[in-house]
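Me: Could you walk me through some features of a structure, one at a time? I would like the general idea and then the case at hand.

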Amino acid sequence: MMSKRIIIVDYQLGNLFSINNAMQKIGAPAEISSSPEAIASSDALIIPGVGAFGDAMNNMKRLGILEPIQKSVQSGRPLLGICLGLQLLLSESEEFGIHPGLGIIPGRVRRFPNKIARQKVKVPHVGWNRIRVKDSGTAKRGFKLSDQYDGQFMYFVHSFYTDACDPADVVTETDYAGMPFCSSAARGNVFGCQFHPEKSGPVGLRMLKEWSDSL
Amino acid sequence: MKTVRVIPRLDIKGPNLVKGIRLEGLRVLGKPEVFAKYYYENGADELFCMDVVASLYERNSLHDIISRIAKEVHIPMTVGGGLRTLEDIRAALRAGADKVAINTAAIKRSEFITEAANAFGASTILVAIEAIRQPDGRYLAFTDNGREHTGLEVIQWAKRVEELGAGEIVITSVDREGTGEGYDVQLTREVSAAVKIPVIAHGGAGSPNDVSDVVSIASADAVCVASILHYGIITSDIDKSEFLTEGNTEFLTSGRAYKKIVPSKLSDIKHHLVGKGIECRV
């Protein structure tokens, strides 16, 4: 089998080394690139994420990669969004004002409240938390997150969460301070997770391996 | 319910993993990257690597160590020690760190916290506070491994650090560090109650029971542990040849541990926590 050309989209925010190391470790080496041509000619995209939503969208615009990313998704090629990379898939975000996103998954990115049911909530949500598999994904083809991940711990670092409009797009949920939120979402060939599989030890690496095997 | 993180702390000096008492009297233990990989494979939730001498001329050796660890260890890693500029932080992140801890630079110029949080995201920036309890019961912040007095009162400083945009606070009790006498529960509780960002307790763990105490009494969100894990390796019967660095092998192979330290494995600590009704990743 020919190895697939996977591009880790570099929109010039945050740390790309962790995801790159993880892809190497699982035997699916990827290229880091911010070139529109590389994105257009790739077989699959990974949008990693650390940083602010507005900055990320602005950088993508400036680099001329918004359109190639959207075209890649429309043509049915797989995309994996991680953390901010999931949030960017949504219609819009409330982070520092309202910013439009890629609009692939309908919904809004919201901040965790500082109090839930009168209890102080620590924001950002940092650390390991369990994912509950709601659905194996609506994708007709491509990646499905199997039930074996139900109840597994994954690593999270975020202050904002995705509020997907269509419950059918929600793949996993996670409780934070008693509030369930969407911890991964999928639509068609697109899958996004709020947690960091590349930082979630052997379980996270296994998920990345299954995603790369599904390409 | 929150999931408590158990974070092995690796104090690094040059090419070596070291461990001191009250941040002084450093003893060479072995190769940091081998300890790091061992802890990763045995259930560490994160790693915390501290360059304890933080001398500029040895920075490249630290970055090499960090890069080697990052290739093998797929959990978050925080790097601290002597980070004074945004460029220093960028270099640590480029070497493979996920988060950085700053202390002295934040105290000298508090806006540095905001600048760093804006540049790299709040969750990337930890502020380390080294606290020493005063005879009147107040806690004051220090720098340079508890040597330099800053005049800052710890609780006020913790609140200020949060306002300035730090993502987490790691609170070190210099009085307890390396002693095995238990975390300073009062200190941790005061800091934890004062801020909304996560608080990592550090300094003093001598047994799994000390870990559960600082979580249940002081509401720590995470704990740094060092001696009990390092001594857990030293006193175990696993083959230690890989852990050794050049020279200074005497302590690692001696099988001796400091008397107040109960040598433990990560799984011992986590099972103890679960037994106390504290959620953690097992």
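Reply: Happy to; we will go through helix packing, the chain contact, salt bridges and backbone geometry.
This is a predicted model, in which local features need pLDDT of at least 70, side-chain atom pairs count only at pLDDT 80 or more, and totals for chains, interfaces and linings use all residues. Residues are numbered from 1 along each chain as its sequence is written, chains are lettered from A and ligands numbered from 1 in the order in which they are written, and side-chain values use heavy atoms, with hydrogens and water left out.

Me: How do I read helix packing, and at what angle do α8(B) and α11(B) pack?
Reply: Two packed helices are described by the angle between their axes and the distance between the axes. Axes are lines fitted to C-alpha atoms, for helices over the stretch in contact, and angles run from 0 to 180 degrees between N-to-C directions. Helices (H or I, at least four residues) and strands (E, at least two) are DSSP runs, numbered from the N terminus. Here, helix α8 (residues 208-216) of chain B packs against helix α11 (residues 266-275) of chain B at about 45°, with axes 9 Å apart. The two are therefore oblique to each other (under 35 degrees is roughly parallel, over 145 roughly antiparallel, 65 to 115 roughly perpendicular, the rest oblique).

Me: Which residues of α8(B) and α11(B) meet?
Reply: B:Pro208, B:Asn209, B:Val211 and B:Ser212 in α8(B) touch B:Asp268, B:Ile269, B:His272 and B:Leu273 in α11(B), where contact means heavy atoms within 4.5 Å. By class, this contact of α8(B) with α11(B) has 4 nonpolar, 3 polar and 1 charged residues. Ala, Val, Leu, Ile, Met, Phe, Trp, Tyr, Cys and Pro count as nonpolar, Asp, Glu, Lys and Arg as charged, and the others, Gly among them, as polar.

Me: Are α1(A) and α6(A) roughly parallel or roughly perpendicular?
Reply: The axes of helix α1 (residues 17-25) of chain A and helix α6 (residues 201-213) of chain A come within 10 Å and cross at roughly 70°. That makes α1(A) roughly perpendicular to α6(A). A:Ile19, A:Ala22, A:Met23 and A:Lys25 in α1(A) meet A:Leu205, A:Leu208, A:Trp211 and A:Ser212 in α6(A), a contact with 6 nonpolar, 1 polar and 1 charged residues.

Me: How much area do chain B and chain A bury between them?
Reply: Buried area is the accessible area (1.4 Å probe) that two parts lose on being put together, summed over both. For chain B and chain A the value is about 2400 Å², with 54% of it on carbon and sulfur atoms. In chain B, B:His74, B:Lys196 and B:Arg281 lose the most area to chain A, together 27% of what that side buries. The contact takes 36 residues from chain B and 27 residues from chain A.

Me: How many salt bridges are there between chain B and chain A?
Reply: Side chains of opposite charge can pair when their charged atoms come close. A salt bridge is a side-chain nitrogen of Lys or Arg within 4 Å of a carboxyl oxygen of Asp or Glu. There are 4 between chain B and chain A, and B:Asp98 pairs with A:Lys199 in a salt bridge at 2.7 Å, N to O. Over all chains, the structure holds 33 salt bridges.

Me: Which residue forms a salt bridge with A:Asp163?
Reply: A:Arg110 does, the closest N and O atoms being 2.7 Å apart. A:Asp163 lies in strand β13 (residues 160-164) of chain A and A:Arg110 in strand β7 (residues 105-111) of chain A, so the pair ties together parts that are 53 residues apart in sequence.

Me: Finally, where is the backbone worth a look?
Reply: Most residues other than glycine have a negative phi, and most peptide bonds are trans. A:Val123 and A:Pro124 are joined by a cis peptide bond, with omega about 5°; A:Pro124 lies in the loop between β9 (119-120) and β10 (125-130) of chain A. A:Cys83 has a positive phi, near 60°, and sits in the loop between β4 (79-82) and α5 (84-87) of chain A.
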